[in-house]
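I opened this entry to record what I looked up, residue by residue and helix by helix. The notes follow the order in which I went through them.

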Amino acid sequence: MALSTTVSQKKLIKRKAPRGFLKRVFKQRKPHLRLETTSDLLVHLNCLLFVHRLAEEARTNACENKCGVIKKEHVLAAAKVILKKSRG
């Protein structure tokens, strides 16, 4: 595994999806569902994409307010916008 320059050299970055955890949660919450073998990866990817969009929107809000730090208010405003867009 590659080491990141921002993390101390002793700590390895986990680059794998938590497949076992996701499968266990699916089974506990919805035991009657029959899911494809790679559905947990799709859920993980969807979660990562949402967090990425949230971070971008929060950064945009912080820049508009001329603030160098992303605050709680920026994230909450970004969450409202992104959730409204993703309702479909």
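I started with L54 and listed its contacts, leaving out residues up to four places away in sequence: L54 touches V75, A78, A79 and I82. I note here that the model is a predicted one.

Next I looked up the largest nonpolar core. L54 belongs to this core, together with A58, A78, A79 and I82, which makes five residues in all. I then checked which elements give two or more residues to the core, and found α2 (39-64) and α3 (72-85). The most comes from α3, which gives three residues.

I moved on to the packing of helices. Two packed helices are described by the angle between their axes and the distance between the axes. I took the pair of α1 (residues 19-29) and α2: the axes come within 9 Å and cross at roughly 105°. An angle of 65 to 115 degrees counts as roughly perpendicular, so α1 is roughly perpendicular to α2. I wrote down the residues that make this contact: R19, L22, K23 and F26 on the α1 side, and D40, L41, V43 and H44 on the α2 side. Sorted by type, the residues of the contact of α1 with α2 are four nonpolar, one polar and three charged.

Setting aside neighbours within four places in sequence, I found D40 in contact with R19, L22, K23 and F26.

S39 was my next entry, also a residue in helix α2. I have S39 down as buried because its relative accessibility is 15%, with the cut-off at under 20%. I also looked up where the S39 side chain goes: it reaches the backbone oxygen of E36 at 3.0 Å.

I finished with K66, which I located in the loop between α2 and α3. Most residues other than glycine have a negative phi. For K66 I read a phi near 55°, a positive value in a residue that is not glycine.

Notes:
Residues numbered from 1 in each chain as written. Predicted model: local features only at pLDDT ≥ 70, side-chain atom pairs only at ≥ 80, totals over all residues. Heavy atoms only, no water. Core = buried A, V, L, I, M, F, W, Y, C linked by side-chain atoms within 4.5 Å. Buried < 20%, exposed > 50% of the residue type's maximum accessible area, 1.4 Å probe, protein only. Helix = DSSP H or I, 4+ residues; strand = E, 2+ residues; numbered from the N terminus. Contact = heavy atoms within 4.5 Å. Axes fitted to C-alpha atoms, helices over the stretch in contact; angles between N-to-C directions. Parallel < 35°, antiparallel > 145°, perpendicular 65-115°, else oblique. Nonpolar A, V, L, I, M, F, W, Y, C, P; charged D, E, K, R; others polar. Polar contact = N/O pair within 3.5 Å; in protein donor to acceptor, adjacent residues only side chain to side chain.
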